[in-house]
Each structure stands twice: as C-alpha cells, then as structure tokens.
Amino acid sequence: MESIDLLVLRTTRDWLATGHRVLLATVARTWGSSPRPVGSMMALRSDGRVVGSVSGGCIEDDLIHRYTTAYGGPGMPGGLPQVVRYGVSADEAHRFGLPCGGTLELVLEFALPLEHLEQLLAGLDDGSLIRRGLNLDSGDVSLASTSTPDLFSFDGQRMLSTLGPGYRLLLIGAGALAEYLATMALFNGFNVSLCDPRPEYTAGWNVAGVNLLPGMPDDVVRAFAADVRSAIVAVSHDPKLDDLALLEALHSPAFYIGAIGSRRNSQLRRERLIDHFGESETSLQRLHGPIGIYIGSKTPAEIAVSVMAEILAAKNDVTLPGAVNVTQAKLTREASYR
C-alpha cells in the first residue's frame, strides 16, 4: 500500500491521460483544529469522482457541488489557481464538519499539465525527494530534486511542498510480532522490508507486500541506506542478529530505531553496545527500548499496536508524555503495589 499522496498524484495523472478535467485541492493553511494537516491533497474529477481527502467529507461534498457536473453543476473551470477558505464562522464550521473554531484554506489547481505530473511521478518512483513549487499569480509550477524534506509552506502567493520518497520500515526478524507490525505499517503507508537470515522463520512468512531482503542484518541495514523517513526495528530476540543491525542503524539518519525486549534485556543490550562496540549513553539516546507505548499489551497484536503508535509519534514529531513510556509506567505501577 503506497502513501495517500502518491495515490492522489497517480490517479490524477491517469484521469488526465484519459481526457478528464481534474481539480487538485491542497490544504494550505489551518487555524485551530482541523481534520487534515497542511499538505493533504485530494483530486476531484469533472464527473464527481474523488480520491484523497481534505476534511471529514463535507468540504469534499461542497467542492463536488461547486466544480463538477455530478449534481447538475457548471463543471470544472479553468484558469489560475484559487484559494478558498472554509469554517470562518461558527455556522460554516458546523456546516462543513470542522471542529469548533476550526478554519482551513485550500489551494485549488484547475489546469494541471499531464507532462508535469509524469515528470513528478518519475522522480518519486526513482526514490528522489522532490520539492514542488506553485506560484498562484502565474500558475507556474516548478520541480526540483532536494536532499532536505522541508516542511510544507504557503505564504498566500507561493506554495512549497516536499514529496516522496515514502516512509520506509525495515524489520529485523520474522515472527508473529513482525507480521502484525508489518501489516499495520503497510496500511499506514509505509514501504516495509524484512530481513531474517533464519530460513525456518521466513518460510512461514505470509504478509503480502513486504520486501524480503536476503543477507545478514548489519549488511542489509547498510544497503538499506536509511534516510530521515526510515524506521528500523529489531524484533528477532537474538542479540547476534539485532545488535550488529542496531549498530549500523544508529549511525544512520533514521527517524526511529528500536529493539524488542524486556527492561532487563534492553539494559543488557545497552551495556553490550557500550562495553564491546564503543557506543556511549549519548549515542544510545536514539535507541528505543523497550519499544512501544505502555498500554498493558501482552499479545503480539497488542504489542504491535503499541510499537506502531510510538513510530507514528516519532514520524509526526510528537513528544510522548512520560506516563506512556514503558519503563516509567511499569516502575510507577510496581511502586503502587508496594
């Protein structure tokens, strides 16, 4: 499963290639609570078909009524991009399903050139990070490769968004937990890869859409070439596999690095990495372990939920409160029993 942004762009390309008029809407600015973050996109075909989302559904319905023939409307206009705002008043916020006080601005593009989308998608498919710029006064669009995933920006006249490559997850170790975690990562838009040199574990792997990478984990992590949109999680429970993979991961820009294990095993791992591999308490600050947030999870499925929640928090740059830290939460519970 690919990211919703890529799905929107591919569908827009396909619709244009078959002769349809298409509107591309992007959430450009928000105030207060908003159902979708800035940069979120949806494509609207002239007959009312939609892919992607900019709200909980009511704004999509309004756009369909305004710009398509689905309900006898005037159809898709042409011309320069436009900015529309929803939720300015309390009545509008209620009408469009926005939270109390929520307001958002959309940039609407009506004249998307097919060759521009083909060039953009070719770059994304090659694994490039592409910065797309839109000048609302002229309608000009620019594409440039970049190494920095800059945040989305809009100043009222120029919109800049960084697209692709998608988020990636590399799992070290097959097994039930890895299968649940891979499944959750896939439906969250991650490209998922798995490495486990033990054939008795990979023989029973049955999650479709996961890249099975042969070789020893440390070599695979090195070849994986993690970037700032990559997460690496060791779940093999075998130090011979996990430790060397984690050492390679810690010297990469991956946004999340973690390893399964109890509090005791996690502490022993840290001591091994310091005593035998030259790591330090400072270099190990990026290593999550025990992984996940504390939800009292016991089964592989529940543990996978907690781990995926922590990965998504790191992806979204959310600082989790100490109360959900596994070590701190268990210490608090143990103290309450004394």
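Predicted model: local features only at pLDDT ≥ 70, side-chain atom pairs only at ≥ 80, totals over all residues.
Student: How is the chain divided into domains, and how far apart are the centres of domain 1 and domain 2?
Tutor: The domain assignment gives domain 1 as residues 4-163 and domain 2 as residues 168-337, and the centres of domain 1 and domain 2, taken over C-alpha atoms, are separated by 35 Å.

Student: What does the UniProt annotation say about residues 169-311?
Tutor: The UniProt record, an unreviewed entry, carries the annotation "domain: XdhC Rossmann" for residues 169-311. Over residues 169-311 the chain is 44% helix and 15% strand, and the end C-alpha atoms lie 10 Å apart.

Student: Why are helix 7 and helix 8 called roughly parallel?
Tutor: Helix 7, residues 217-224, and helix 8, residues 239-250, pack at an angle of about 25 degrees, with their axes 7 Å apart. Angles under 35 degrees count as roughly parallel, and therefore helix 7 and helix 8 are roughly parallel to each other. Their crossing is right-handed. On the side of helix 7 the contact is made by Pro217, Asp218, Val221 and Arg222, and on the side of helix 8 by Leu241, Leu244, Ala245, Glu248 and Ala249.

Student: Why is helix 5 called oblique to helix 10?
Tutor: The axes of helix 5, residues 176-187, and helix 10, residues 300-315, come within 8 Å and cross at roughly 45 degrees. Angles under 35 degrees count as roughly parallel, those from 65 to 115 as roughly perpendicular and those over 145 as roughly antiparallel, with the rest oblique, and that makes helix 5 oblique to helix 10. Helix 5 passes helix 10 in a right-handed crossing.

Student: Which residues make the contact of helix 5 with helix 10, and how do they divide by kind?
Tutor: Helix 5 contributes Ala176, Leu177, Tyr180, Leu181, Met184 and Ala185, while helix 10 contributes Pro300, Ala301, Ile303, Ala304, Val305, Val307 and Met308. The residues of this contact divide into 13 nonpolar, no polar and no charged.

Student: How do helix 1 and helix 4 pack, and what is the handedness of their crossing?
Tutor: Helix 1, residues 4-17, and helix 4, residues 114-125, pack at an angle of about 145 degrees, with their axes 10 Å apart, and helix 1 passes helix 4 in a left-handed crossing. Among the residues that meet are Leu6, Leu9 and Arg10 in helix 1, and Leu114, Leu117 and Glu118 in helix 4. The residues of the contact of helix 1 with helix 4 divide into 9 nonpolar, 1 polar and 4 charged.

Student: What makes the peptide bond from Gly289 to Pro290 cis or trans, and where is Pro290 found?
Tutor: The bond from Gly289 to Pro290 has omega near 0 degrees and is cis, and Pro290 is found in the loop between strand 15, residues 287-288, and helix 10.

Methods: Residues numbered from 1 in each chain as written. Heavy atoms only, no water. Axes fitted to C-alpha atoms, helices over the stretch in contact; angles between N-to-C directions. Helix = DSSP H or I, 4+ residues; strand = E, 2+ residues; numbered from the N terminus. Left-handed = near helix turned anticlockwise from the far one by under 90°. Contact = heavy atoms within 4.5 Å. UniProt positions renumbered as here; feature names shortened; annotations may be inferred. Domains from an automatic or database assignment. Nonpolar A, V, L, I, M, F, W, Y, C, P; charged D, E, K, R; others polar.
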